[in-house]
Amino acid sequence: MKAIVVTDQAAGTAGMKLVQRPEPQAAINDVIVQVHAAGFVNTELEWPSTWADRAFRDRTPSILGHELAGVITALGYGTTGLSVGQRVFGLADWYRDGTLAEYVAMEARNLAPLPGDVDFTVGASLPISGLTAWQGLFQHGRLQAGQSVLAHGAAGAVGSMVAQLAREAGAYVIGTGRAADRQKALDFGANEFVDLENDVLEDVGGVDLVFDVIGGDIQKRSAALIRAGGTLVTVVGPTDARPADGPTIDFVVESDRAQLSEIVQRVRNGRLRTNIGKVATLDDAVTAFNSKERHSGKTIIRFRP
């Protein structure tokens with residue numbers, strides 16, 4: 001099968017190669033999925049799990065990608081709850097070969113049914129962005145109606161999900177980003193927008209929750225805006241930034257079938273829109289990931305028409 005692999009961490013996206021690899025076999029509680037569409041985020045190349053297994057042994061050449069939508073072609077021993085021929089989408093384990101391949105073996109628990117009226121391209125764009133937003137807002141941030149959220153990168157793949165889900169939950173959403181992203185962030189649900197290059201961040205006043213995807217100085221300045229009892233949620237790693245009277249929660253997104261089902265149901269009924277910046281074929285994927293052109297949404301690789 002065709003797959004995109006990496007062997008050299010220092011090479012970045014330039015080290016991606018399209019190669020032939022053996023088709024995977026299903027272990028206990030696994031399924032084999034014929035991939036129809038897959039997502040990728042550039043930060044995968046910085047994750048230790050891309051390069052080493054849980055025992056810290058080198059596992060290259062590694063197949064990249066962790067988001068997918070496709071059709072189950074085989075079940076491993078003991079697998080229940082899913083069936084051959086079923087449309088699914090989900091989030092593959094960080095330490096296993098990923099989804100930028102024609103077939104992938106993954107644990108059944110990491111997949112959810114993909115309704116027939118949701119396109120595979122849309123399905124593949126949802127797992128990381130949707131689950132990160134959902135878990136950051138509701139699981140870790142404990143967002144309540146009437147609260148205010150400062151959503152950084154509100155025109156990006158994660159930030160646009162944060163803005164929509166927070167707005168639907170009854171929160172007031174302040175999005176941030178570059179000047180060129182203003183209208184897109186507002187279209188995705190932000191009540192107002194802060195241009196981080198030209199506006200004064202501190203002018204937003206106090207907020208109840210900061211959803212941080214940037215880190216650094218912006219994160220520190222944002223922490224100072226959080227009201228007593230509020231929360232800073234971040235996905236950029238451990239941080240020294242703390243609200244004056246509230247927690248900072250650094251988390252890594254986890255697969256959750258029930259949450260995936262909630263997210264895709266919102267897509268079906270029009271309450272949630274995905275944010276896809278570019279769609280490319282597997283043969284063109286390496287070129288797409290090395291493009292200097294800026295896309296504020298997620299790049300999706302489509303394997304089949």
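The side chains of Asp-97 and Arg-59 form a salt bridge, with an N to O distance of 3.5 Å; the term denotes a side-chain nitrogen of Lys or Arg within 4 Å of a carboxyl oxygen of Asp or Glu. Asp-97 belongs to the loop between strand S6 (87-91) and strand S7 (103-107), and Arg-59 to the loop between helix H1 (48-51) and strand S4 (62-63), so the pair ties together parts that are 38 residues apart in sequence. The structure holds 17 salt bridges. Side chains of opposite charge can pair when their charged atoms come close.

## Basis of the description

This is a predicted model, in which local features need pLDDT of at least 70 and side-chain atom pairs count only at pLDDT 80 or more, whereas totals for chains, interfaces and linings use all residues. Residues are numbered from 1 along each chain as its sequence is written, and side-chain values use heavy atoms, with hydrogens and water left out.

Helices (H or I, at least four residues) and strands (E, at least two) are DSSP runs, numbered from the N terminus. Two strands pair if DSSP finds at least two bridges between them.

## The antiparallel sheet and its loops

An open sheet of 3 strands has the order S2-S1-S4, with antiparallel pairing. Strand S2 (17-20) and S4 are the edge strands and have a single partner strand each, so one side of each is left without a neighbour in the sheet. Strand S1 (residues 2-6) is joined to S4 by 2 bridges, and Val-5 stands opposite Ile-63 in S4.

Two local backbone features lie in loops. Thr-60 and Pro-61 are joined by a cis peptide bond, with omega about 0°; Pro-61 is in the loop between H1 and S4. Asn-29, a residue other than glycine, has a positive phi near 70° and lies in the loop between S2 and strand S3 (30-39).

## The parallel sheet

A further open sheet contains 6 strands in the order S11-S10-S9-S12-S13-S14, and its pairing is parallel. Its edge strands, S11 (192-195) and S14 (248-250), each pair on one side only. On average, neighbouring strands of this sheet are turned by 20° against each other, direction ignored. Angles run from 0 to 180 degrees between N-to-C directions, and axes are lines fitted to C-alpha atoms, for helices over the stretch in contact.

Strand S12 (residues 207-212) and strand S13 (residues 226-234) run parallel and are joined by 5 bridges. Across this pair, Val-207 stands opposite Ile-226 and Val-210 opposite Leu-232. S13 pairs with S14 in the parallel sense over 3 bridges, and Thr-234 has Asp-250 in S14 as its bridge partner.

S12, helix H6 (residues 216-223) and S13 make a right-handed β-α-β unit; right-handed means that, with the strands pointing away from the viewer, the path from the first strand over the helix to the second runs clockwise.

Helix H3 (residues 127-140) lies across strand S9 (148-151), S12, S13 and S14, and runs at about 150° to S12. Contact means heavy atoms within 4.5 Å.

The axes of H3 and helix H7 (residues 257-268) come within 10 Å and cross at roughly 110°. That makes H3 roughly perpendicular to H7, a class that covers 65 to 115 degrees, with angles under 35 degrees counted as roughly parallel, over 145 as roughly antiparallel and the rest as oblique. Pro-127, Gly-130, Leu-131, Trp-134, Gln-135 and Gln-139 in H3 meet Gln-259, Leu-260, Glu-262, Ile-263 and Arg-266 in H7. This contact has 5 nonpolar, 4 polar and 2 charged residues, where Ala, Val, Leu, Ile, Met, Phe, Trp, Tyr, Cys and Pro count as nonpolar, Asp, Glu, Lys and Arg as charged, and the others, Gly among them, as polar.
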